[in-house]
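The sequence and the structure come next.

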Amino acid sequence: MTNPGHLAESDAAELKEIRAACPHLDATAGHVRDFAAMMRDPRGDGLPAWMDRVLADDLPALHSLVNGMKQDLDAVTAGLSTPWSSGQVEGHVTRAKLLKRTGFGRANLDLLRRRILLRT
C-alpha cells in the first residue's frame, strides 16, 4: 500500500523481484497505481482510457471492477473529477451509529438524540 517512491531500498528491490516473477501481478500493480493517481489528482477524464487498458489485459478481478464501474460511469467519473467529498457526513453517521451501539438497545430515541447533540 505504500507509495513505491517511499520504500526502503531492500523493500523496493524485493517488490521489483516479485513483480518480475509474475506478469499478472505486475500488470495489476500498474493498473492499481494508475487508478490511485486518478484518485489523488482528480482526473476523471482519464477513466475511460484506464478502463480500456484494464480490459485489454487478462485480469478477471479487475474486469469485474471495471464492469461494476460501467454500471454507473457518470457517478464514478464525477467522483474522480470533483473536489467534493462526503467524508464529513460519513464521519457523523459513523459516530451516530457508534453512540447507538453503545446503548446496547436500551436507549430510546430521546436519549440517543441527547447523546448526539451533547457530544463534542
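Phenylalanine 35 and tryptophan 50 are both buried in this predicted model. The structure holds one aromatic pair. That pair is formed by the rings of phenylalanine 35 and tryptophan 50, with centres 5.0 Å apart and planes at 45°. An angle under 30 degrees would count as stacked and one over 60 as edge-to-face, so the pair of phenylalanine 35 and tryptophan 50 is tilted. Phenylalanine 35 belongs to helix α2 and tryptophan 50 to helix α3, so the pair ties together parts that are 15 residues apart in sequence.

How do the axes of α2 and α3 cross? The two axes come within 11 Å and cross at roughly 170°, which makes α2 roughly antiparallel to α3. On the α2 side the contact is made by His31, Asp34, Phe35 and Met38, and on the α3 side by Leu47, Trp50, Arg53 and Val54. Sorted by class, the contact of α2 with α3 has five nonpolar, one polar and two charged residues.

Salt bridges come next. Side chains of opposite charge can pair when their charged atoms come close.

| Arginine 53 | Aspartate 34 | 3.7 Å |

In the salt bridge of arginine 53 with aspartate 34, the pair links distant parts of the chain: arginine 53 is in helix α3 (residues 47–56) and aspartate 34 in helix α2 (residues 23–40), 19 residues apart. Arginine 53 is partly exposed, with a relative accessible area of 39%. Aspartate 34 also counts as partly exposed, at 33% relative accessibility. Both residues are listed in the contact of α2 with α3.

Is arginine 19 buried or exposed? Arginine 19 is buried, with a relative accessible area of 18%, because the cut-off for buried is under 20%. Aspartate 26 is at 32% relative accessibility and counts as partly exposed.

Arginine 19 sits in helix α1 (residues 9–21). Apart from neighbours within four places in sequence, arginine 19 is in contact with Asp26, Ala29, Gly30 and Arg33.

The axes of α1 and α2 come within 5 Å and cross at roughly 120°. Perpendicular covers 65 to 115 degrees and antiparallel starts over 145, so α1 and α2 are oblique to each other.

One further residue of helix α2 is threonine 28. At 25% relative accessibility, threonine 28 counts as partly exposed. Which residues are in contact with threonine 28, leaving aside its neighbours within four places in sequence? They are Leu59 and Leu62. Threonine 28 and glycine 44 are 16 residues apart in sequence, and their C-alpha atoms are 20 Å apart in space.

How values were computed: Residues numbered from 1 in each chain as written. Predicted model: local features only at pLDDT ≥ 70, side-chain atom pairs only at ≥ 80, totals over all residues. Heavy atoms only, no water. Buried < 20%, exposed > 50% of the residue type's maximum accessible area, 1.4 Å probe, protein only. Salt bridge = Lys/Arg side-chain N within 4 Å of Asp/Glu carboxyl O. Helix = DSSP H or I, 4+ residues; strand = E, 2+ residues; numbered from the N terminus. Contact = heavy atoms within 4.5 Å. Axes fitted to C-alpha atoms, helices over the stretch in contact; angles between N-to-C directions. Parallel < 35°, antiparallel > 145°, perpendicular 65-115°, else oblique. Phe/Tyr/Trp six-rings, centres within 6.5 Å; stacked < 30°, edge-to-face > 60°. Nonpolar A, V, L, I, M, F, W, Y, C, P; charged D, E, K, R; others polar.
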